[in-house]
Amino acid sequence: MAVDLLLGLQWGDEGKGKIVDVLTSNYNIIARFQGGPNAGHTLVFNGKKHVLHTIPSGIFHDDATNLVGNGVVIDPVIFKKELDKLEEQGVDYRKSLLISRKAHIILPTHRLLDAASEAAKGKAKIGSTLKGIGPTYMDKTGRNGIRVGDLELSDWKTRYRNLADKHESMISYYNVDIEYDLADLETEFFEAIKVLKSLKFIDSEEYIYQAQKSGQTILAEGAQGSLLDIDFGTYPFVTSSNTTAAGACTGLGVSPNKIGEVFGIFKAYTTRVGSGPFPTELFDKDGETMGRVGNEFGATTGRSRRCGWLDLVALKYACQVNGVTQLMMMKGDVLSGFKTLKVCTAYKYKGEEIYHLPYNIEPENVEPIYTEFNGWAEDLTAMSDAAQLPKALNEYIDFLEKELEIPITIVSVGPDRKQTIFRGELVS
Ligand code: IMP
């Protein structure tokens with residue numbers, strides 16, 4: 001069986017967790033392939049909100065196996081907190097949660113290095129979630145990292161010490177004011193390592209290969225969004241992993257010819273958290289309304305998200321890079337009540353009108369060119385059938401489908417599992 005992918009097409013926070021949760025009943029295995037606890041995947045069902053950071057969003061379904069792939073970076077301390085919450089809710093994760101031996105571990109000093117690096121950058125800071133993601137991937141590519149499988153080796157604590165000592169000297173090199181008590185952080189870390197070691201570690205690429213061969217269905221769950229990809233995002237204001245489709249191949253060990261459907265998730269407008277260019281960002285009442293109605297606060301850091309109109313130039317780029325086969329539009333309900341909606345359909349770039357994402361999208365280089373649409377007044381949150389959607393929303397959707405040449409198969413009209421409208425047959 002092919003592996004289907006589910007990816008965010010903007011700057012993250014598109015609502016991937018909700019859609020994975022909605023789709024999980026179609027799959028035997030849900031696998032995370034990149035990122036770490038910088039992600040915050042929110043799921044709402046039975047009137048309760050759940051936020052997952054590292055654990056795949058299929059964990060609430062009894063029949064699904066949940067795999068943390070080799071491309072993920074794991075902070076044992078945050079992971080333990082997630083497990084504790086699941087336990088409180090009576091989720092029996094032990095039988096359904098598998099961890100790749102090749103996933104890298106975030107050390108307490110990785111988090112400190114993240115903070116030191118950001119502090120040293122001053123105004124040029126990335127706006128990192130400060131979860132140690134960048135420094136951990138740096139150690140991975142620098143061939144210094146500690147992997148989950150290393151915890152089974154007798155000398156892993158010596159390797160830990162050597163790496164943590166090296167990090168401490170790097171922190172002092174930054175010469176910034178970072179207060180910390182490493183002994184305290186290590187007590188918490190080693191307690192959490194014990195819990196991590198009680199879970200099932202596997203050679204995940206072999207597991208995925210055999211699962212595919214035996215006809216099991218697999219959904220790869222992306223984190224962050226395509227515009228935060230280390231190669232194709234708005235560098236340097238990006239995360240440190242490949243958030244795009246290719247990242248699923250390297251982050252799970254799946255060959256490119258075994259990828260099936262690519263579900264692209266996007267919001268009906270755009271948000272971004274942290275620094276970096278955002279051509280359609282709004283600084284007016286409309287942006288404030290989107291933030292308030294859409295409850296646009298980061299699930300991991302609580303920071304308020306910057307809001308703006310839908311950027312079709314950037315969305316097209318993300319569809320191209322990922323080979324998206326089906327689109328899912330989130331938060332359609334948030335746009336109810338706007339008299340006029342705008343979609344950025346081109347950029348003015350060096351005096352010319354262009355339709356692709358150029359190298360530089362800072363405000364001094366690009367100016368968005370908008371196409372306007374009529375808004376709708378109807379509240380969508382209680383709708384459950386595509387036939388109920390207002391005419392103006394259907395026109396908005398039709399336009400996007402035509403421009404992107406990809407069907408929009410789901411329109412989400414609220415955070416709850418139930419607030420999901422299917423538009424025709426979903427291919428999976
Ligand atoms: P880092 O990955 O924590 O280093 O953050 C790098 C950039 O990516 C920052 O602008 C973060 O705000 C952003 N970022 C990281 N993870 C997420 C996410 O899950 N959703 C939205 N933005 C994210």
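Q: Where is the place of D62?
A: In this predicted model, D62 sits in the loop between strand 4 (48-52) and strand 5 (65-68).

Q: Does D62 count as buried or exposed, and why?
A: A residue is called exposed when its relative accessible area is over 50%. D62 counts as exposed because its relative accessibility is 65%.

Q: Which residues form a negative surface patch?
A: Asp and Glu count as negative. Here D62, D63, E87, E88 and D92 form such a patch.

Q: Which residues of helix 4 are buried?
A: Buried means under 20% relative accessible area. In helix 4 (residues 133-141), the buried residues are I133, G134, P135, T136, Y137 and D139.

Q: What covers the buried residues of helix 4?
A: The cover includes strand 6 (73-74) and strand 8 (104-105), together with helix 3 (108-121) and helix 5 (156-174).

Q: Which residue follows helix 4?
A: Helix 4 is followed by R143, and the phi of R143 is positive, near 65°.

Q: What is the phi of D13, and where does D13 lie?
A: D13 is not a glycine, yet its phi is positive, about 60°. D13 belongs to the loop between strand 1 (3-8) and helix 1 (16-23). With a relative accessible area of 24%, D13 is partly exposed.

Q: Where is N295 found, and what is its phi?
A: N295 is found in the loop between helix 9 (285-293) and strand 13 (306-308). Although not a glycine, N295 has a positive phi of about 50°. N295 counts as partly exposed because its relative accessibility is 47%.

Q: Which residues does a cis peptide bond join?
A: The bond joins Y235 and P236, with omega about 5°. P236 is placed in the loop between strand 10 (218-221) and helix 8 (245-252).

Definitions and conventions
Residues numbered from 1 in each chain as written. Predicted model: local features only at pLDDT ≥ 70, side-chain atom pairs only at ≥ 80, totals over all residues. Heavy atoms only, no water. Buried < 20%, exposed > 50% of the residue type's maximum accessible area, 1.4 Å probe, protein only. Helix = DSSP H or I, 4+ residues; strand = E, 2+ residues; numbered from the N terminus. Contact = heavy atoms within 4.5 Å. Patch = residues over 30% accessible without salt bridge, like charges linked within 9 Å, V, L, I, M, F, W, Y side chains within 5 Å. Areas by Shrake-Rupley, 256 points an atom, 1.4 Å probe, with all protein chains shown as cover. Salt bridge = Lys/Arg side-chain N within 4 Å of Asp/Glu carboxyl O. Charge placed at Lys NZ, Arg CZ, Asp CG, Glu CD.
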